[in-house]
Amino acid sequence: MSVPEDEERLLPLAQRWPRASKFLLSGCAATVAELATFPLDLTKTRLQMQGEAALARLGDSARESAPYRGMVRTALGIIQEEGFLKLWQGVTPAIYRHIVYSGGRMVTYEHLREVVFGKSEDKHYPLWKSVIGGMMAGVVGQFLANPTDLVKVQMQMEGKRKLEGKPLRFRGVHHAFAKILSEGGIRGLWAGWVPNIQRAALVNMGDLTTYDTVKHYLVLNTPLEDNIMTHGLSSLCSGLVASILGTPADVIKSRIMNQPRDKQGRGLLYKSSTDCLIQAVQGEGFMSLYKGFLPSWLRMTPWSLVFWLTYEKIREMSGVSPF
């Protein structure tokens with residue numbers, strides 16, 4: 001028995017603890033991608049809150065000042081009125097979120113793909129299995145990361161509150177966690193978790209499923225090999241599909257997470273994600289569900305590109321097999 005144990009100690013860490021290694025590697029890749037594309041995420045969130053019809057129920061004092069119009073003017077307005085570095089406001093909880101979220105979803109997806117569902121003898125992974133695996137991976141990863149996502153969304157709106165003359169809610173990331181916990185309890189940290197995991201399921205069905213399917217199709221059916229060209233093409237496709245599928249749910253979850261709450265932690269604007277959906281469509285039209293689509297797509301595509309290229313490369317450097 002001592003020989004195998006000795007041999008195991010000589011193995012690289014990535015082979016001794018494969019799931020933990022994949023969690024950490026995906027977290028590192030997600031951090032790089034998040035830092036590079038976060039200003040677009042902030043712009044997207046601000047656009048999603050713009051013209052929110054349900055605010056009328058709280059009276060004139062709660063209405064927005066003149067809203068920004070369009071992605072470019074929103075981004076320029078943030079720079080001019082709040083400062084260039086405010087484009088990264090909320091990036092710390094966003095990084096926390098993506099370490100937990102990306103790590104959870106990647107480990108879950110690969111476990112489902114390799115162990116639960118399994119590939120066929122010709123190494124083909126059926127699309128229906130990839131769809132189910134991607135959605136389940138998104139649900140698991142996002143549920144774990146919901147508290148950090150909640151803090152990220154609320155901190156992204158702090159600069160806008162300051163311009164409207166409203167008091168700031170948080171002094172920093174840890175104060176935000178503490179305040180949300182004290183006001184809403186543990187359940188308060190999971191506010192908006194239902195639309196959040198709905199969005200994550202759709203986004204990962206677009207991201208993981210598309211990337212995995214396109215990559216292996218290219219490797220098996222074209223002269224392309226498992227290299228940076230294949231990774232790049234696959235990630236561009238996954239970013240587009242993920243944005244189309246995920247934007248409506250993203251609008252709903254952002255509004256639910258950012259809405260004011262009573263002393264019991266209950267939302268004052270929306271009773272549920274369905275109520276938010278109905279109010280948005282009735283008050284602003286169906287296309288309100290795609291507010292922020294352009295920055296979302298422009299962010300998701302480079303995010304996906306940076307993430308997958310980085311993830312595949314650090315897996316290779318760490319001795320982990322390609323995704």
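**Exercise 1. The fold as a whole**

Among contacts in the protein chain between residues at least 6 apart in sequence, what percentage join residues at least 24 apart?

*Solution.* Begin with the basis of the numbers: this is a predicted model, in which local features need pLDDT of at least 70 and side-chain atom pairs count only at pLDDT 80 or more, while totals for chains, interfaces and linings use all residues. Residues are numbered from 1 along each chain as its sequence is written, and side-chain values use heavy atoms, with hydrogens and water left out.

Next, take contact to mean heavy atoms within 4.5 Å; of the contacts between residues at least 6 apart in sequence, 75% join residues at least 24 apart. Then turn to the elements, where helices (H or I, at least four residues) and strands (E, at least two) are DSSP runs numbered from the N terminus: the protein chain has 12 helices and zero strands. Finally, of the 323 residues in the protein chain, 49% are buried, where buried means under 20% relative accessible area, exposed over 50%, and partly exposed in between (1.4 Å probe, protein chains only).

**Exercise 2. Two partners for Glu284**

Describe the salt bridges of Glu284 with Arg255 and with Lys291, together with the accessibility of Glu284.

*Solution.* Consider Arg255 to begin with: its closest N and O atoms with Glu284 are 2.7 Å apart. This pair links distant parts of the chain, with Glu284 in helix H11 (residues 273–284) and Arg255 in helix H10, 29 residues apart. Turning to accessibility, Glu284 is partly exposed because its relative accessible area is 23%, whereas Arg255 counts as buried at 1%. The side chain of Glu284 also meets that of Lys291 in a salt bridge of 2.9 Å, N to O, and Lys291 is partly exposed, at 22%.

**Exercise 3. A residue in helix H10**

Is Val251 buried or exposed, and which residues does Val251 touch, not counting those up to four places away in sequence?

*Solution.* Val251 is placed in helix H10 and is buried, because its relative accessible area is 0%. With residues up to four places away in sequence set aside, Val251 touches Gln48, Ser288, Leu289 and Lys291. As for separation along the chain, Val251 and Leu47 are 204 residues apart in sequence but 9.2 Å apart in space, C-alpha to C-alpha.

**Exercise 4. Cysteines**

How many disulfides does the rule give, and how accessible are Cys237 and Cys276?

*Solution.* A disulfide is a pair of cysteine sulfur atoms within 2.5 Å, and by this rule the count comes to zero. Cys237 counts as partly exposed because its relative accessibility is 35%, whereas Cys276, at 0%, counts as buried.

Definitions and conventions:
A salt bridge is a side-chain nitrogen of Lys or Arg within 4 Å of a carboxyl oxygen of Asp or Glu.
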